[in-house]
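This report is meant for someone meeting the structure for the first time.

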Amino acid sequence: MTTAPDVERLVNLRAAKDLMDRSYSEELDLDAIAGEAGYSRFHFVRSFRDTYGRTPRAYLSERRIERARELLRTANLTVTEICYLVGFSSLGSFSARFKENVGVSPSEYREHEIARGGPPPIPGCFVLMWSTPTPQLRRSRRRQDGHIVDRTMSRRGEP
Amino acid sequence: MITGLSHTTVWVLDQNSAKKFYTEKLGFDVRDDTVMTNEYMPGTSGFRWLTVGPKQQPDLRMLLAEPKPPMVDEEAAKAIRALVAKGAFGAGVLDTDDCRKTYEDLRKKGVQFLQEPADRPYGVEAVFRDDSGNWYSLTERKGR
């Protein structure tokens, strides 16, 4: 069976995405990520964005925040510890990115999750593979009564 | 009453490569590898029925199918191939009696992991991809 050029391109881009999913906690620069796909930086960013709907940098950041959300829900670690564990190099950028993606600060998120009572009964693999927020689902919002609606998490009932 | 699952389909990009991956890397058995013929519908002949399964579960057949006619039309085939290549499909959860040891074994054989073994409320779990891009959970379930 022949492999169509488009499939080959997608396989290469996936290798770069997999690298980010696997090694999000390490320092990953764009050269290393593009290199995983066998691309130059410029063509890589465009091609990745065309395929996955966001830039590699945004994807990596979303993956780190998604992993941070899991740790905030389940691990007995401080926000600062979690920030470095998932690959951010400063607490300021972690908090800003987190708020931008999730809608609330990391500590507010944790309080809310604890109040809600423990982790959801979904296998972690599904959380890993399906919880990278899509652009439309990215924003959480705070309702008038102060309740936080995390739209990404609200998909939990739809396997 | 439904009594179980006997066959399931996994879309793969290349059956020869998939057969090698599932047998040589994962240690699965080949259950069937045969080409079907249909003299009344010439366009549908040549369909390769390739199934594999874990040694410990002899009644399960995973059909490693290339997306193409007659199973799906050309347009659907193209779309499925792109989704497989992008890594969009998860093909299931595989049980293991020792996730960390199996992870080491598979990693040494060159299997690409997305997640190292991690403790979860339901057991120890790692995530890897097959050679086409389908992801699997590798789980050592608690209390089994």
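## A buried tyrosine in chain B

B:Tyr103 counts as buried, because its relative accessibility is 10% and the cut-off for a buried residue is under 20%. The model in which this is seen is a predicted one, and the values that follow should be read with that in mind. B:Tyr103 is part of helix α3 of chain B, and, when residues up to four places away in sequence are not counted, B:Tyr103 touches B:Phe113, B:Glu116, B:Pro117 and B:Leu138.

Which residues of helix α3 of chain B are buried? In this helix, which takes in residues 99-108, they are B:Cys99, B:Tyr103 and B:Leu106. These residues lie on the same side of α3(B), because they cover an arc of only 75° around the axis. The elements against which the buried residues of α3(B) pack all belong to chain B, namely α1 (15-25), β6 (112-120), β7 (123-129) and β8 (135-141).

The N-terminal end of α3(B) is capped by B:Asp98, of which a side-chain oxygen lies 3.3 Å from the backbone nitrogen of B:Arg100. Just after the helix comes B:Gly110, which takes a positive phi of about 95°.

## Chain B as a whole

Chain B contains three helices and eight strands, and, read from the N terminus on, its elements follow the order β-α-β-β-β-α-β-α-β-β-β. The C-alpha trace of chain B spans about 55 × 35 × 30 Å along its principal axes. Of the 144 residues in chain B, 43% are buried. Among the contacts in chain B with a separation of 6 or more, 55% are accounted for by residues 24 or more positions apart.

## A buried serine in a loop

Where in chain B is B:Ser132 found? Its place is the loop between β7 and β8, and B:Ser132 counts as buried because its relative accessibility is 1%. The side chain of B:Ser132 reaches the backbone nitrogen of B:Leu13 at 3.0 Å. Leaving aside neighbours within four places in sequence, B:Ser132 is in contact with B:Trp11, B:Val12, B:Leu13, B:Asp14, B:Val84 and B:Ala85, and also with A:Arg14 of chain A.

## Chain A as a whole

Chain A has eight helices and two strands, and from the N terminus on the elements run α-α-α-α-α-α-α-α-β-β. Buried residues make up 43% of the 159 residues of chain A. Of the contacts in chain A with a separation of 6 or more, 59% are between residues 24 or more positions apart.

One of the buried residues of chain A is A:Tyr109, which has a relative accessible area of 1% and has its place in helix α7, formed by residues 106-116. From A:Tyr109 to A:Lys99 the distance is 9.4 Å, C-alpha to C-alpha, and the two are 10 residues apart in sequence.

## Two helix pairs in chain A

How do helices α4 and α6 of chain A pack, and at what angle? Helix α4, with residues 56-74, and helix α6, with residues 91-102, pack at an angle of about 90°, and their axes are 10 Å apart. This angle makes α4(A) roughly perpendicular to α6(A), since angles from 65 to 115 degrees count as such. On the α4(A) side the meeting residues are A:Arg57, A:Ser61, A:Glu62, A:Ile65, A:Ala68, A:Arg69 and A:Leu72, and on the α6(A) side they are A:Phe94, A:Arg97, A:Phe98, A:Asn101 and A:Val102. Sorted by class, the contact of α4(A) with α6(A) has six nonpolar, two polar and four charged residues.

The other pair is formed by helix α2, residues 30-37, and helix α3, residues 41-52, of chain A, which pack at an angle of about 75° with their axes 9 Å apart. That angle makes α2(A) roughly perpendicular to α3(A). The contact is made by A:Leu30, A:Asp31, A:Ile33, A:Ala34 and A:Ala37 from α2(A), together with A:Arg41, A:Phe44 and A:Val45 from α3(A). By class, the contact of α2(A) with α3(A) has six nonpolar, no polar and two charged residues.

Terms used:
Residues numbered from 1 in each chain as written. Chains lettered and ligands numbered in written order. Predicted model: local features only at pLDDT ≥ 70, side-chain atom pairs only at ≥ 80, totals over all residues. Heavy atoms only, no water. Axes fitted to C-alpha atoms, helices over the stretch in contact; angles between N-to-C directions. Helix = DSSP H or I, 4+ residues; strand = E, 2+ residues; numbered from the N terminus. Parallel < 35°, antiparallel > 145°, perpendicular 65-115°, else oblique. Contact = heavy atoms within 4.5 Å. Nonpolar A, V, L, I, M, F, W, Y, C, P; charged D, E, K, R; others polar. Buried < 20%, exposed > 50% of the residue type's maximum accessible area, 1.4 Å probe, protein only. Arc of directions from axis to C-beta. Polar contact = N/O pair within 3.5 Å; in protein donor to acceptor, adjacent residues only side chain to side chain.
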